[in-house]
Amino acid sequence: MHRQDIDTNPANYEPNSINDNWPRETPPGPKRGGFESYQERVDGAKIRERSPSFGEYYAHPRLFWNSQTPIEQQHIIGGFSFELSKVVRTYIRERVVDQLAHIDIQLAQSVADNLGITLTDEQRHAAPPKDVNGIRKDPSLSLYAVPGGSIKGRVVGILLNDKTRASDLLAIMTALKAKGVHAKLLYSRMGEVTADDGSVLPIAATFAGAPSLTVDAVIVPCGDIASLLGNGDANYYLLEAYKHLKPIAFAGDARQFKPLLKVADQGEEGIVEGDSVDDAFMTQLFDLLAAHRVWSRSSKTAQIPA
């Protein structure tokens, strides 16, 4: 029978230091005891024992770390730093950093600096594990080491306004469909909105209900941009997308949003601009989508209030 207990302890793993190391494996016993291997006479005693290779915990994590691009390594450092900052007990944070020191000293030092932890001499001089089968790094373990790739299945948020230019929207939808990219029509409210040619556009979600976290890029077509400039949710949507390094495209008077993002008049990488939507406009956006994120923007994100 499998284990059915529902633990109410703050830790549900072993080993831990905050609940007398419970839950842990139940030892064998005559009543309510844990599993015990049947002892039988063979060439040697039949026992429960793991291979010595199970004692090596760090070689594969090191292979993964070495295989990442510098951008991905910064994401890993940021992820560890963010999650460990939520750990209440200082000594538990220190133990995790100690584990990282056995994987890579750069990783451990960067996370330690973010957490205000000082590495010991022993940690700084920890011997790295051996390569996995002689392999130090493998590009297949990285999302970005091998450039290119299909953008099929990506999602693009389209911020509509009260009089969206229908010709631009048609060009956008046609180009996205040809690439297998999903379009999400967004507006300040649910229901429908009318384009400049009188056509009715069904709204998929609101700016607040489907934030930029749910899309891979954002397009703002031409139209009554004044209705968007005064909308706090639309402004926050673009700020958040910019901060998360998403490609953003402005058509026509939608370029009035550039000052919001502190984009210079001459533009910058990751911001697609055009008087209208044409093949060149969409091709530039697709190239940015294939790169996943606009990494050159990273240095500016600290200035963005989102």
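A residue is taken as buried when its relative accessible area is under 20%. By this cut-off Arg 62, at 16% relative accessibility, counts as buried in the predicted model. Asp 104 is likewise classed as buried, because its relative accessibility is 10%. The two residues form a salt bridge in which the closest N and O atoms are 3.6 Å apart.

In total, seven salt bridges were found in a search of the whole structure. Side chains of opposite charge can pair when their charged atoms come close. Within helix α5, Arg 124 and Asp 121 are three residues apart, which means a separation of about one helical turn. Their closest N and O atoms are 2.4 Å apart, and the pair forms a salt bridge. Arg 124 is partly exposed, with a relative accessible area of 35%, and Asp 121 is also partly exposed, at 49%. A further salt bridge joins the side chains of Asp 168 and Arg 165, with an N to O distance of 3.2 Å. Here Asp 168 is buried, with a relative accessible area of 2%, whereas Arg 165 is partly exposed at 24%.

Nonpolar side chains tend to be buried together in soluble globular proteins. The largest nonpolar core of the model contains 28 residues, and the members that touch the most others are Val 156, Ile 158, Leu 160, Leu 176 and Met 282. Two or more residues are given to this core by each of β1, α6 (166–178), β2 (182–187), β6 (217–220), β7 (248–251) and α9 (279–290). The largest share, six residues, comes from α9. Another core, of 25 residues, lies apart from the largest one and includes Val 218, Val 220, Tyr 237 and Leu 261.

When neighbours within four places in sequence are left aside, Leu 160 is in contact with Leu 169, Leu 185, Leu 186, Tyr 187, Val 193, Leu 201, Ile 203, Phe 207 and Leu 228.

Val 146 is located in the loop between α5 (121–124) and β1 (155–159). This residue is exposed, with a relative accessible area of 52%. The C-alpha atoms of Val 146 and Thr 69 are separated by 9.9 Å, the two residues being 77 residues apart along the chain.

How values were computed
Residues numbered from 1 in each chain as written. Predicted model: local features only at pLDDT ≥ 70, side-chain atom pairs only at ≥ 80, totals over all residues. Heavy atoms only, no water. Helix = DSSP H or I, 4+ residues; strand = E, 2+ residues; numbered from the N terminus. Buried < 20%, exposed > 50% of the residue type's maximum accessible area, 1.4 Å probe, protein only. Core = buried A, V, L, I, M, F, W, Y, C linked by side-chain atoms within 4.5 Å. Contact = heavy atoms within 4.5 Å. Salt bridge = Lys/Arg side-chain N within 4 Å of Asp/Glu carboxyl O.
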